[in-house]
2 protein chains.
Amino acid sequence: MTNNLKVERARHNMTQADLAEAIGVSRQSINAMEKNKYVPSTVLALKLSRLFKKPVEELFQLEAGD
Amino acid sequence: MTNNLKVERARHNMTQADLAEAIGVSRQSINAMEKNKYVPSTVLALKLSRLFKKPVEELFQLEAGD
DNA sequence: TCTAAATGTAAAGTTTATTTTACATTTGAT
DNA sequence: ATCAAATGTAAAATAAACTTTACATTTAGA
């Protein structure tokens with residue numbers, strides 16, 4: 001799975017710390033997500049979707065193997 | 001978070017076992033998801049979305065506390 | 001009613017998400 | 001060039017996802 005978090009965050013002028021606080025996770029979690037270190041939960045995806053006002057599918061995309 | 005998996009599954013005439021196989025998890029995982037025993041990963045949400053041809057937001061919804 | 005399929009549930013185990021702390025590197029502004 | 005903010009990263013700890021096995025209950029059809 002890939003994601004556009006970095007772009008959306010830039011769009012909204014938010015730091016990783018800002019975003020972390022906004023959705024209630026640690027800054028390291030945001031960093032790891034952006035670097036595709038792990039797959040976040042659906043609750044996080046929905047919270048990001050709500051915050052950025054974009055469908056989950058626009059923020060996260062399945063890849064070939066998935 | 002809540003979800004409509006049971007309804008979508010009925011729409012598609014699939015058993016929990018069918019759905020489990022279709023998206024590559026155990027039947028117990030599907031059962032637990034439907035009964036809100038845990039929050040699935042975003043990869044699973046996207047796979048369910050793809051299978052049922054419905055946006056993630058239509059399958060999963062944040063609740064008051066989230 | 002009998003039976004099989006489907007669903008519910010539970011415990012133990014494995015893997016992965018997420019946190020905390022801590023530090024190193026990069027970037028941007030002065 | 002310097003300083004602070006932002007980002008990258010890492011290790012250890014905890015929480016939660018997910019699996020496997022196994023069995024009990026419900027449901028629908030013959």
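The following dialogue walks through a predicted model with chains A and B.

Q: What should be kept in mind about numbering and confidence before reading the model?
A: Residues are numbered from 1 along each chain as its sequence is written, while chains are lettered from A and ligands numbered from 1 in the order in which they are written. Because this is a predicted model, local features need pLDDT of at least 70 and side-chain atom pairs count only at pLDDT 80 or more, whereas totals for chains, interfaces and linings use all residues; side-chain values use heavy atoms, with hydrogens and water left out.

Q: Which secondary structure elements does chain A have, and in what pattern do they follow one another?
A: Helices (H or I, at least four residues) and strands (E, at least two) are DSSP runs, numbered from the N terminus. In chain A there are five helices and two strands, and along the sequence they come in the pattern β-α-α-α-α-α-β.

Q: How does the radius of gyration of chain A relate to that of a compact globule?
A: The radius is taken over C-alpha atoms, and the globule rule is 2.2 Å times the number of residues to the power 0.38. For the 66 residues here the rule gives a value near 11 Å, and chain A agrees, with 11 Å; its C-alpha atoms fill a box of roughly 30 × 25 × 20 Å along the principal axes.

Q: What share of chain A is buried, and what share of its contacts links residues 24 or more positions apart?
A: Buried means under 20% relative accessible area, exposed over 50% and partly exposed in between, with a 1.4 Å probe and protein chains only, and a contact means heavy atoms within 4.5 Å. Buried residues are 42% of the 66 in chain A, and, among contacts with a separation of 6 or more, 60% are between residues 24 or more positions apart.

Q: Which residues of helix α3 in chain A are buried, and what covers them?
A: Helix α3 spans residues 27-34, and its buried residues are A:Ser29, A:Ile30, A:Ala32, A:Met33 and A:Glu34. Their cover includes β1 (2-3), α1 (5-11), α2 (16-23) and α4 (42-52) of chain A. Just after this helix, A:Asn36 takes a positive phi of about 55°.

Notes
Copies are superposed by least squares on the C-alpha atoms of residues with pLDDT of at least 70 in both.
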